[in-house]
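Please read this briefing alongside the sequence and the model.

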Amino acid sequence: MADFVGAVDQGTTSTRFMIFDHAGNEVAKHQLEHAQILPRSGWVEHDPVEIWERTNSVMQNALRHGNLSPEDLAAIGITNQRETTVVWDPRNGRPYYNAIVWQDTRTDSIAAALERSGQGDVIRRKAGLPPATYFSGGKIQWILENVDGVREAAEQGHALFGNTDSWVLWNLTGGPDGGIHATDVTNASRTMLMDLETLDWDDELLGFFGIPRAMLPSINSSSHREAYGVTRTSRPLRAAIPITGVLGDQQAATVGQVCYAPGEAKNTYGTGNFLVLNTGTELVRSQHGLLTTVAYRFGDEPAVYALEGSIAVTGSAVQWLRDQMKIISTAAESETLARTVEDNGGMYFVPAFSGLFAPYWRSDARGAIVGLARYNDNGHLARATLESICYQSRDVVEAMEQDSGVHLDVLKVDGGVTANDLCMQIQADVLGVPVSRPVVAETTALGAAYAAGLAIGFWRDTDELRTHWQESERWQPQWSDEQRAEGYAGWKKAVERTLDWAQVD
């Protein structure tokens, strides 16, 4: 057997290819950003063709950087930005429209109509999700209703839907020349179209959105020896490498953080924050604004479920300081600037740029900076931005404890923002529990590699994977209980100021 496993990590702002050895160590990687297309307020798009081109490039370059050949890869896994919706013509591989990104809010009227009609309760019961702009179903409906010719093409079998995992997989396995149109249970569970109990597309849910079933990919296990085919020799690797793992990015991070037992949780800090709690084979239906979702399914074993708290804007709030406000020139400078002050100076920043996700689900919310005094400066704004990441995570932890009864003893963290030591210290202070970062911080790609490797026996089982996990750093809480309570009370007041701002039809 070859010595390495590769992982395509197709994210919101970039695509990377990473190669891991049997000990779970990074051997090589390459990463490229893609354009963020913002046609109007609340709209966020990507060019699917650019994403596919970036995927080609990063795979080739990672192998070259590692001085490896494609034949050195035993298998490939794919992980991806979930909910981001691509609709394309299988005859030629051309997208009918740009990918509509998970952050996009143009479908707020669709979500509101579902809620008014009572169909929202059916979606919650069957799919585990609230009707929201976040998920794929409304985005597919928008494309069918607003892009000329797509409805007719879909009814004739000439339009396919996929989140970006399906788009990348279809292209890797041949595209118009026999490409595999498939997804896994974790991505399917983010559409509002899959029944969590049957793990299949649901005709009633499809009817709510007017989506022809023929558009949809087949649903498979997250780790499967045969379901996803092999790379075509005409495609970037010029070799037939089995694709044996597919996971949505947050579920992949859960696998990479070896959260395989009920009650284990991780928090990924990227464009947004995503806190996932393993609930085992039991479906726990949230009463406090969380999502019930599939954590993973390995082979023919039963699906493992999770509660998830999805937060729209965290790392992207730091990007906003850099790109829009221009008070920093790199993301790393947010920590330097925030360290110029001792606290937030009474300032709170709620970055509800696209409304608020969990646990509020308020598309009418908009960003606000409150508590300003003449005394405040850029340092306070930087500090308030980092605190907003941590307070939003606490909102989710509070809801998770109410739903599950599980009190976190430690929070495992991963993702780009975890390089910010001050932010991680604030997170420990705000939560009152230790925060632990692993040696391999890119757990999303690692989880996709694990899923692919398990399917072919590259790794024996999840017990073996646990032995590879190592802690890099741990932050202990330093705030007093009084500081923690006072800070969180101020945050809750700030959130209230953001509500009822935008008009939702």
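In which helix is the place of Asp-249? Asp-249 lies in helix H9, residues 249-256, where helices (H or I, at least four residues) and strands (E, at least two) are DSSP runs numbered from the N terminus. The model is predicted, so local features need pLDDT of at least 70 and side-chain atom pairs count only at pLDDT 80 or more, while totals for chains, interfaces and linings use all residues. Residues are numbered from 1 along each chain as its sequence is written, and side-chain values use heavy atoms, with hydrogens and water left out.

- An unreviewed UniProt entry gives the annotation "binding site" to Arg-82, Glu-83, Tyr-134, Asp-249 and Gln-250; UniProt positions are in the numbering used here, feature names are shortened, and annotations may be inferred rather than shown by experiment.
- Asp-249 is buried, with a relative accessible area of 13% (buried means under 20% relative accessible area, exposed over 50%, partly exposed in between, with a 1.4 Å probe and protein chains only).
- Not counting residues up to four places away in sequence, Asp-249 touches Thr-79, Asn-80, Gln-81, Arg-82 and Thr-444, contact meaning heavy atoms within 4.5 Å.
- Gln-250 is also found in helix H9 and is buried at 4% relative accessibility.
- With residues up to four places away in sequence again not counted, the contacts of Gln-250 include Arg-82, Lys-266 and Glu-308.

- Gly-315 is in helix H10, residues 315-323, and is buried at 10% relative accessibility.
- Leaving aside neighbours within four places in sequence, Gly-315 is in contact with Gly-270, Thr-271, Ile-389 and Val-417.
- Gly-416 sits in the loop between strand S21 (411-414) and helix H13 (421-431), and is exposed at 58% relative accessible area.
- The buried residues of H10 include Ser-316, Val-318 and Trp-320; among the elements that cover the buried residues of H10 are helix H11 (333-338) and helix H12 (378-404).

**Cysteines**

- The whole structure has 0 disulfides, a disulfide being a pair of cysteine sulfur atoms within 2.5 Å. Cys-259 is in no disulfide, and the nearest cysteine sulfur, in Cys-390, is 19 Å away.
- The sulfur of Cys-423 is 3.9 Å from the closest cysteine sulfur, in Cys-390, which is too far for a bond.
- Cys-259 is buried at 0% relative accessibility, and Cys-423 is buried with a relative accessible area of 0%.

**Pocket and cavity**

- The second largest pocket has a volume of about 560 Å³. Of the 26 residues that line the second largest pocket, the closest to its centre are Glu-115, Arg-124, Pro-130, Pro-131 and Trp-361.
- On a 1 Å grid over the protein atoms alone, a pocket is an open set of points with protein on both sides within 12 Å along at least five of seven lines, a cavity is a set where a 1.4 Å probe fits but cannot get out, and lining residues have an atom within 4 Å of a point.
- Grid points are joined across faces, edges and corners, and a volume is the space filled by probe spheres set on the points.
- Helix H2 (residues 108-117) gives the largest share of the lining of the second largest pocket, 4 residues.
- The largest cavity holds about 80 Å³ of space. Of the 13 residues lining the largest cavity, the closest to its centre are Ile-311, Leu-356, Phe-357, Ala-358 and Gln-392.
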